[in-house]
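Thanks, everyone. I'll keep this short. Please have the structure open while I talk.

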Amino acid sequence: MGMTSAILAVLGFCSRIVESILFVMIDWYDKYVYSPLQTMLLPIVSCIPRFLSIRGQEYTIFSANIVSWTRTALVIPIACCLKNQYYWTSFLLVLFHDFLDHLDGIVAKAQKQIYGPVDDPLLGGFMDAFCDKIVNVFALWSILLTTDFTLMTWKQTNIYITSCTVIIGFEFVLGVVRVQDYFRSYYLRLLKKNDTLISKADTAAVMEGKLKEKLESMGIAFLCLAEASSIPITSWSGITGIACLIMSVRLAYASLQHKLKAREQRKRDEVDFNEILETKEDGEKSTYTEKIPQKLRKCYSESNASKFLAESIEKSNSSLSDENDSTDESIFNEGEDAVRPLLQRHNSVPVNAFDTRVDKVYTVGCFDLFHNGHITLLQRMKALGKQVIVGVHDSRSIFKLKKRVPIDSTEKRMLNVKKYADMVYCVAGTDPTNYIHCILTENVTERHMYVRGDDMQNFPARNLCEARMTVKFLPYTQGVSSTKRRKSEFTSCNYGTHAKDDVQAIFY
C-alpha cells in the first residue's frame, strides 16, 4: 500500500513537471513562432489575389480552405516517399505541411481584412483542425508500415508501436468529435436555432491544440528521418520523434477532455433552459421563482433570449410595478417568443431575477471629442454588464494609430468616459492586448464580455478577448463621429490648449 502511494506520488509529480514544461512551450510557441510568422507573412499574403477573372467570370484561386485542402493532399507524396525510401524528402514535406498549417490561418485573416467575411468561419475552423488529423493518422500509419522491426528488441518495438498507435487513436477520436460538433453547429445555424449552441469553441483550435499539432508534426518528421537507420528508435531522430509524440499525448488527452466537458455542459444548459421554458403556471410559481436567477445565468452566452433580456432589462424592471403593463406585446420581436413566459410572470418574480447581465463588460477606444455615439455605446454596455470597464488610448498611441493628434487631452477623455463607466484605465500603446490581460480578473465565477462597434471587427487584442470572454459587436451610431466634430473644430480654428500640450508631448 505504501509502495503504491509512493509510485502514484512520483507519477503525479512527474506529470505536473511535464505539464509546466508544456505550458511554457505553449507560451514560447505563441511568442516566438506563431506571432512572428503572422507578422512576416501577413503583408505578403495580402498581395496575392483571391480571385482570377476569366471572361468576366471570377474564380477563387487562393483562399484559406484551398490551402487546407492542399496540405491534406500532401499525405499522398509523404507516403510515396517513405515507400520509395526518400526519407529526407518526406521529412521536408511534413515540415511544409506544418508551414501550410500556419499559412491557412494567416490567409483567412488577411482576406477577411481585404474582402470582408467571404469565408465561412465554421467550415474554416473545422477544416483547419480536421485536415491535420487526416495527415497525422495516415503519415504515422505509413511509418509503421515501412519500418523494419526485425533488428529491434521487443521493448523497443513496443515503445515505437505504442507511441504511434496512441496518437493515431487520439487523432481518430478527436476527428470524430470534430465532425459531430461541426455538423451539429452547421444544422443548428441552418435551422436558426439558439445561438448558445453555436460556439467557436466547437470548431476553432485553441493554442494548446496548436502546440499538440506542432509536436505531432515534429515527431512525424523526425520519425521519417529515422527510417534511414537500421534501428530507427536508437537514432537521434528516432529518439527525438518518439519524445515529441509522447509529449503530445498529454495535450491530446487534455484536448479531448476539454471537448467532451464542453459538450456535457451544453447538454446541461439545454436541459436547464428547457426546464425553465416548460415550467407550468399552476402550482409552480415558487419553484419557478427560485429557478430563474441561477438558470438564466447559465443560459446567457449569446442566446437570442439573453440578447433580448439584456437589451430590455431597463424596460422590464421599470414596468414591474405597473399593474396595467402593456409592454408584453410591444417589446417582443419575431423569434423571441421562447422567452415570453418569463416576462408574462414578472409580477411573481423579484426585480433582480431578470438581471442576466455579465459581471464585467470591457471595451477600448480613443473617445476624442466625446459625443452622443460614445454615450450610446457606454449606455449599451451598462445594459449588458454590471460593471463597465473602459480602456482609453493615450495621445501618443492615437497619433501612431491614426497619424493625427487628438483634440482632447488624455485626462479629459478619461474623465468624460468616467461619467458613464465604473472603471477607466489608460492604454499607452497601439495594441491593448497586454493592458486588457492585466486588467482582467481570474475569478472563474465571473462572466465577462468585450464590446466593440461593428465598424471595426478586426480590432487589436481580438485573439485574447475571444479566448477569455464573449465578444459582442454593437451597431455603429450613424451620423455621429469624432471626425465630423474634428472638421468643425478645425474649421473654426478651435484647437484647444490640451491639444497643443499633446503635440508638444509627442514631438519633444
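Two strands pair if DSSP finds at least two bridges between them. Keep that in mind for the first stop. And remember that this is a predicted model.

Strand β1 covers residues 51-54, and strand β2 covers residues 57-60. They pair over 4 bridges, in the antiparallel sense. Look at Ile54. Its bridge partner in β2 is Gln57. Between the two strands sit 2 residues, and together β1 and β2 make a hairpin. Arg55 is in the turn, with a positive phi of about 55 degrees.

Next, the helices. Find α5, residues 121-146, and α6, residues 154-190. How far apart are the axes of α5 and α6? They are 9 Å apart, and the helices pack at an angle of about 155 degrees. Angles over 145 degrees count as roughly antiparallel, so α5 is roughly antiparallel to α6. The crossing of α5 past α6 is left-handed. Now the make-up of that contact. Its residues divide into 20 nonpolar, 4 polar and 5 charged.

Last stop, one residue. Go to helix α4, residues 87-115, and pick out Asp104. Is Asp104 buried or exposed? Buried means under 20% relative accessible area. Asp104 has 4% relative accessibility, so it counts as buried. Which residues does Asp104 touch, leaving out those up to four places away in sequence? The list is Ala64, Val67, Ser68, Arg71 and Asp128. Note that Arg71 and Asp128 are both among the residues touching Asp104.

That's the tour. Over to you.

Note on methods:
Residues numbered from 1 in each chain as written. Predicted model: local features only at pLDDT ≥ 70, side-chain atom pairs only at ≥ 80, totals over all residues. Heavy atoms only, no water. Axes fitted to C-alpha atoms, helices over the stretch in contact; angles between N-to-C directions. Parallel < 35°, antiparallel > 145°, perpendicular 65-115°, else oblique. Left-handed = near helix turned anticlockwise from the far one by under 90°. Nonpolar A, V, L, I, M, F, W, Y, C, P; charged D, E, K, R; others polar. Buried < 20%, exposed > 50% of the residue type's maximum accessible area, 1.4 Å probe, protein only. Contact = heavy atoms within 4.5 Å.
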